[in-house]
Amino acid sequence: MTLLLKTKKTEVDRLREALMTGVSYMIPVIVAGGMLLAFGSLFETLTGVDLKESDSFLAQIINDLKIFGLYGLTLLFPVIAAFVGFGLAGKPAIAPGLMAGMLARDMQMGFLGALLGGLMVGYLVRWMLANIKLPKDFRSLLPMVIIPLLGTVTVLFVMKYIVGYPLIALNTGLESWLVDMSGGNKILMAAVLGAMVGFDLGGPINKAAITVSLGLFAQGIYEPVTASHIAIMVAPFGIGVSTIVAKKYYTKELQDNGRAAMMMSCVGISEGAIPFILANPALIVINTVGSAIAASMVIMFDSIVQAPAAGILALVLSSNFFLYLLSIASGVVFVALGTSVLMKRQYMKNQAMEETQSKYTESL
């Protein structure tokens with residue numbers, strides 16, 4: 001009996017499995033959408049053709065590919081929320097999860113908001129399945145009607161009025177704080193902007209940094225946009241490098257996503273790093289520090305980009321190509337090394353757990 005209890009899954013194990021379920025369903029969406037968007041953006045960057053304005057048939061086709069890619073990245077948030085919820089509570093969580101993810105996207109909560117929505121859906125639906133008792137003839141109404149209706153309404157209202165508005169207020173406060181910092185130490189401000197960009201990869205903190213940078217760019221202040229846009233590249237490229245140099249610590253799916261993340265990084269798309277954050281949330285710290293390193297170094301070297309550009313285009317337009325490249329490389333190396341260490345620890349821990357469970361099973 002004692003052996004059976006020791007092999008029983010803990011709540012942490014269930015949560016980890018739910019996150020990995022979300023990752024496995026999300027990766028194809030990110031790869032398909034991100035690669036299409038990256039291809040279109042790279043074509044536009046290298047040729048200088050304005051895809052929206054061009055009358056060329058080829059340009060229209062490439063522009064359509066970019067649009068299709070944006071569809072994929074738009075689906076990222078509902079897919080995360082739905083399948084994390086699914087991992088916790090099964091099929092009844094999918095509908096509320098999809099809608100929670102859409103709300104997270106529309107309120108610009110980022111992937112962390114979508115993840116929070118998925119977790120709320122999963123635990124709420126699990127509780128409803130366990131505690132709502134109906135007569136036998138009406139039991140089919142629980143997963144088909146009651147949970148989609150009550151679960152969706154409950155989670156969406158909590159997300160909007162309890163979680164959402166504080167996040168919006170935080171976003172506004174961060175923007176004001178960054179504007180106040182703009183007249184001070186440029187290197188410190190660059191480090192803060194880089195850290196914010198690397199922290200939530202498109203979420204509200206990232207958006208605050210980008211918004212302030214673009215606002216200051218419009219006033220002829222170029223350092224903030226240089227710092228924030230170089231930081232966009234660091235996390236996905238660094239993690240991608242890690243999947244190559246330390247590939248044994250990654251699943252085949254994550255290895256494939258690492259290559260895609262590197263390509264997306266080259267055109268200023270950071271979402272390719274999101275599946276790795278869900279697989280190991282401690283990577284948020286590594287991404288934050290690595291992005292801050294690159295952003296502060298590029299300003300310290302005074303390698304400025306006088307355009308709101310990210311990726312390869314920013315590298316080409318920088319005032320000093322070599323120093324800009326060195327700044328990127330510094331952040332990427334830090335992220336690659338830190339990611340490899342964390343993923344190795346997780347891999348070894350999982351191996352040890354599997355060996356322990358195998359021994360218990362054999363002893364039975």
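Visitor: At roughly what angle do the axes of helix 7 and helix 8 cross?
Guide: Roughly 140 degrees, and the axes of helix 7 (residues 186-200) and helix 8 come within 6 Å. That makes helix 7 oblique to helix 8, because under 35 degrees counts as roughly parallel, over 145 as roughly antiparallel, 65 to 115 as roughly perpendicular and the rest as oblique. Axes here are lines fitted to C-alpha atoms, for helices over the stretch in contact, with angles from 0 to 180 degrees between N-to-C directions. Helices are DSSP runs (H or I, at least four residues), numbered from the N terminus.

Visitor: Where do these values come from?
Guide: This is a predicted model, where local features need pLDDT of at least 70, side-chain atom pairs count only at pLDDT 80 or more, and totals for chains, interfaces and linings use all residues. Residues are numbered from 1 along each chain as its sequence is written, and side-chain values use heavy atoms, leaving out hydrogens and water.

Visitor: OK, and how do helix 9 and helix 12 cross?
Guide: Their axes come within 8 Å and cross at roughly 140 degrees, with helix 12 covering residues 283-300. Helix 9 and helix 12 are therefore oblique to each other.

Visitor: Switching topic, how much space lies in the largest pocket?
Guide: About 930 Å³. A pocket is an open set of points on a 1 Å grid where a 1.4 Å probe fits, with protein on both sides within 12 Å along at least five of seven lines; lining residues have an atom within 4 Å of a point. There are 37 lining residues, and the closest to the pocket's centre are I232, V267, G268, I269 and E271.

Visitor: Which helix gives the largest share of that pocket's lining?
Guide: Helix 3, with six residues. Helix 2 (11-47), helix 8 (204-218) and helix 9 (223-245) are among those that each supply at least two.

Visitor: What about the second largest pocket, how much space lies there?
Guide: About 570 Å³. Of its 23 lining residues, R16, M20, Q346, N350 and E354 are the closest to the centre. The largest share of the lining, eight residues, comes from helix 14, which spans 321-363.

Visitor: Where does the second largest pocket lie?
Guide: Domain 1 (11-179) and domain 2 (183-363) both give residues to its lining, so it lies between them. The domain bounds come from an automatic or database domain assignment.

Technical notes. Grid points are joined across faces, edges and corners, and a volume is the space filled by probe spheres set on the points.
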